[in-house]
Amino acid sequence: MNITARKLALSARSGALQPVARGLRIVAQCAVLAGVWFIADFAVRSIGLPVPGGVVGLGLLLVLLLCGGVAPRFVKAGADWLLSELLLFFIPAAVAAVQYGGLFREDGWRLALVVAGGTLMVMVAVAFAVEQASRLERHLALRRVPVEVRPVYLAERRAPSRPRVF
C-alpha cells in the first residue's frame with residue numbers, strides 16, 4: 001500500500017470524507033429524482049396527457065415508495081436538499097415579474113387577491129393532507145402494537161365487589 005492510499009484509508013476511517021460522501025449521495029439522489037421527472041415528462045408528452053409531467057412523476061414516485069420499489073432512504077437526502085433550497089427556484093419567477101410593472105400597477109390588487117387566495121387554498125390542502133397522514137400513521141402504528149392475550153382461568157376470575165355496609 002503506497003502512502004497516498006494509506007492516507008486516503010486513514011482519512012476515510014476518521015470521517016474526513018463524510019461530507020464528500022454526503023454531497024455525492026445528495027447529487028445522486030437529485031439525479032434519481034430528476035430522472036423520474038424526465039421519464040414522466042417524456043411519457044406525458046408522448047401520450048399527450050393534459051397533466052404536467054411533474055405531477056405524473058410525483059405520482060409515480062409515490063407509487064414506487066408505497067409498493068417498496070424505491071426505499072425512502074434512496075431519495076431522502078436529495079429531497080431534503082431540494083426542499084431546503086426551494087426558495088432559489090422562485091428567483092426566475094420573481095425576476096420575470098419585475099419586467100411587468102405596468103401590469104402590476106393596473107391589476108395589482110387582482111393579482112394579490114389571486115396569490116393570497118391560492119396561498120390560503122394550498123395551506124388548507126396541506127393541513128388536511130397532514131392531518132389525514134397523521135391519522136393513517138397513528139392507525140397503522142396501533143395495528144402494529146402487539147396485544148398480549150392471556151387466557152383467564154376460572155380461578156383468576158373474581159366476583160364483582162360489592163360495597164360493604166358497616
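**Largest pocket and helix packing**

Biologist: Which helix gives the largest share of the lining of the largest pocket?
Modeller: α3 does, with eight residues. Helices here are DSSP runs of H or I, at least four residues, numbered from the N terminus. The model is predicted, so local features need pLDDT of at least 70 and side-chain atom pairs 80 or more, while totals for chains, interfaces and linings use all residues. Residues are numbered from 1 along each chain, and side-chain values use heavy atoms, without hydrogens and water.

Biologist: How much space is in that largest pocket?
Modeller: About 570 Å³. A pocket is an open set of points on a 1 Å grid where a 1.4 Å probe fits, with protein on both sides within 12 Å along at least five of seven lines; lining residues have an atom within 4 Å of a point.

Biologist: Which residues are closest to the centre of the largest pocket?
Modeller: Leu33, Gly57, Leu58, Leu61 and Ala79, out of 17 lining residues. α2, α3 and α4 (76–84) each supply at least two residues of that lining.

Biologist: How does the lining of the largest pocket divide by class?
Modeller: Into 14 nonpolar, three polar and no charged residues. Gly counts as polar, and Asp, Glu, Lys and Arg as charged.

Biologist: Switching to packing, at what angle do α2 and α3 pack?
Modeller: About 120°, with the axes of α2 (residues 18–47) and α3 (residues 53–67) 8 Å apart. That makes α2 oblique to α3, oblique being what is left after under 35 degrees (parallel), over 145 (antiparallel) and 65 to 115 (perpendicular). Angles run from 0 to 180 degrees between N-to-C directions.

Biologist: Which residues meet between α2 and α3?
Modeller: In α2, Leu33, Val36, Trp37, Ala40, Asp41 and Val44; in α3, Gly53, Gly54, Val56, Gly57, Leu60 and Leu61. Contact means heavy atoms within 4.5 Å. This contact of α2 with α3 has eight nonpolar, three polar and one charged residues.

Biologist: And α2 with α4, how do their axes cross?
Modeller: At roughly 85°, coming within 7 Å. α2 and α4 are therefore roughly perpendicular. Arg25, Ile26, Gln29, Cys30 and Leu33 in α2 meet Lys76, Ala77, Gly78, Ala79, Trp81 and Leu82 in α4.

Biologist: What lines the second largest pocket?
Modeller: Val122, Val126, Ala129, Val130, Ala133, Ser134, Leu136, Glu137 and Leu140. By class, seven are nonpolar, one is polar and one is charged.

Definitions and conventions: Points joined across faces, edges and corners; volume = space filled by probe spheres on them.
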